[in-house]
Number of protein chains: 2
Amino acid sequence: MEAVAKPSLDDIRAAAERLAGKAHRTPVLTSRTLDERVGAQVLLKCENFQRIGAFKFRGAYNALSRLSAEQLTHGVCAYSSGNHAQAVALSAALLGCKATILMPEDAPESKVEAVLGYDAQVIRFDRYTADRTALAGELAVQRGFSIIPPYDHPDIIAGQGTATLEFLEDAGAVDVMLVPMGGGGLMAGSAIAATSLYPGTAMIGVEPEAGNDHQQSFAAGERVSVPVPHTIADGLAVSTPGEITFAINQKLVAGTITVTDDEIRAAMRFLFDRMKIVVEPSGAVGVAALLTGRMPLPGKRIGVLVSGGNVSADRFCALLG
Amino acid sequence: MEAVAKPSLDDIRAAAERLAGKAHRTPVLTSRTLDERVGAQVLLKCENFQRIGAFKFRGAYNALSRLSAEQLTHGVCAYSSGNHAQAVALSAALLGCKATILMPEDAPESKVEAVLGYDAQVIRFDRYTADRTALAGELAVQRGFSIIPPYDHPDIIAGQGTATLEFLEDAGAVDVMLVPMGGGGLMAGSAIAATSLYPGTAMIGVEPEAGNDHQQSFAAGERVSVPVPHTIADGLAVSTPGEITFAINQKLVAGTITVTDDEIRAAMRFLFDRMKIVVEPSGAVGVAALLTGRMPLPGKRIGVLVSGGNVSADRFCALLG
């Protein structure tokens, strides 16, 4: 294993200072019905109420804040069709910097419009013929852009870790912390924050059944690639763990659990009907895992990272219909 | 006009003390997008996060708390197919008192189950042949039940007023306060709280276009009845203002505005897509009024009472489909 730069709790605290007054301090919600169903005390850290509707703003803003004035003058670049695109676009707008977002030609118009709404430039590419990493690399060289990666970077990880830092400050220690795993950035930041502050915290990663690359990688002791996952949890449809994130998560994560798309749908419905909140599929996996009852945690105090709420009413109804 | 017992700000404060630790102190949410769309600063008091999913818990619990030990021993009775039914059932359960709820035979099973879930007894009646008021009166006489009315009672009004008292404590003074009007209980309590604390507050009632009984009654200077309104805002489908509530609102309400069902749908969609919260049709009328742009309030500070979130995912999708 290569040596990689891992952020510390102090890096997460420094990120929290940068984010103060920029990111929302999102609420921790509870539900008597959920506690009864699970037989435990469940605390939801609701990043669906974060700016741009997801935790991704934390990492992106932290990473952009660490760039030099010269780098900011040249602008930044990201490739994403999801929440990271909006996160970079808004962060750039707040820092007075130009952002260029590479988005696939078949990305939903609503997502493209959201990015354009933050005055970012959008470059479309054909996801079947173009290599987006190479494309971003070319732009970086030709135009001097700084590339803002979606998860595999210490500043991104430190930024994402602020969600769990805040949660533990507001809610106190928990026995178990459930965190969705896509590229592993949110978990890496969360695990550093939680296990530094409360070493006894059991960090449990939640993945869609179709995309259990972390589960397989932990079992193999090395990063394993799975076929591009077909799941409604689009934010978690990642084929392989990040390099830096895996080095961190391999040490700090106690275990993983997977959920099916139907279990995710049931959790979205529960969160809508009983808690009156809108959660996107990727954000609902933690609650989905609890509602399955496959992970009995009687009497425990459980933190759940609800990572985002970017599902339109139309898509929500199509998914649940 | 008869003399009626009107609650004072002190009565609302006393209700707030009774509710402390029982009702949730619901959050005040804001949205940059909403502010931009409206051209004003908008603050939403989110009673969709209240216990039983609506403000109705406040009035019911306050009214039940004012009963004597003997009255509580005999039990309480309410007629409602909506949020008031759950509010009385839960309040009774918390106070160790028996509740009997009269519900129409065609009330949705989900609502009946919610009431049964609080260990209340449900008596079904045929809404086309039975007089629910007479039926409740008979039960009150035969079994010694105390009837808990849905809005036209000083203790109910004082309880509902705690929502606006809390809002003003948390958010400070506003220029305008938008409040849904069904029977007028929420508005009466809100208007007493707001105009006592900040006499300059303009209280604006919001009604469905099909059920503008308050608008017509204010114009006529007396309580007017309209045909049973056909609107998706079922909580506001009331034909005539309450007697006590009208006596209060006639003096304290600055004006009314009506919204169509399509405008309510658009507001529900906005609240879902942009604010990630679930709001029932009756609860969305204030935001609907603002989004129409028919009530230009440039630069004003506007409070909106979002009264409830009891719309199931299935009904939400059917309404928006």
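**Exercise 1.** Determine how many salt bridges join chain B and chain A, and describe the contact in which they lie.

*Solution.* 
Step 1. In this predicted model, the count between chain B and chain A is 2 salt bridges, a salt bridge being a side-chain nitrogen of Lys or Arg within 4 Å of a carboxyl oxygen of Asp or Glu. D314(B) forms a salt bridge with R269(A), with 2.9 Å between the closest N and O atoms.

Step 2. Polar contacts are counted next: 10 residue pairs, both at pLDDT 80 or more, are in polar contact between chain B and chain A. A polar contact is a pair of N or O atoms within 3.5 Å; within protein, one must be able to donate a hydrogen and the other to accept it, and residues adjacent in sequence count only if both atoms are side-chain atoms.

Step 3. On the side of chain B that touches chain A, helix 12 (261–275) and helix 14 (313–320) of chain B each supply at least two residues; helices are DSSP runs (H or I, at least four residues) numbered from the N terminus. Helix 14 of chain B gives the largest share, 5 residues. By class, this side of chain B has 10 nonpolar, 6 polar and 6 charged residues, where Ala, Val, Leu, Ile, Met, Phe, Trp, Tyr, Cys and Pro count as nonpolar, Asp, Glu, Lys and Arg as charged, and the others, Gly among them, as polar.

Step 4. The contact (heavy atoms within 4.5 Å) takes 22 residues from chain B and 22 residues from chain A. About 1,800 Å² is buried between the two chains, 60% of it from carbon and sulfur atoms; buried area is the accessible area (1.4 Å probe) that two parts lose on being put together, summed over both.

**Exercise 2.** Describe the interface of domain 1 and domain 2 of chain A.

*Solution.* 
Step 1. Domain 1 of chain A comprises 9–55 + 154–320 and domain 2 comprises 57–147, bounds that come from an automatic or database domain assignment. Their C-alpha centres lie 24 Å apart.

Step 2. In the contact, 25 residues of domain 1 of chain A meet 17 residues of domain 2 of chain A. The buried area is about 1,700 Å², with 54% given by carbon and sulfur atoms. R18(A), I52(A) and D155(A) supply 39% of the area that domain 1 of chain A buries here, more than any other three residues.

Step 3. The rule finds 3 salt bridges across this interface, and 12 residue pairs in polar contact (both at pLDDT 80 or more). Helix 8 of chain A gives the most to the side of domain 1 that touches domain 2, with 8 residues.

Conventions. Residues are numbered from 1 along each chain as its sequence is written. Chains are lettered from A and ligands numbered from 1 in the order in which they are written. This is a predicted model: local features need pLDDT of at least 70, side-chain atom pairs count only at pLDDT 80 or more; totals for chains, interfaces and linings use all residues. Side-chain values use heavy atoms; hydrogens and water are left out.
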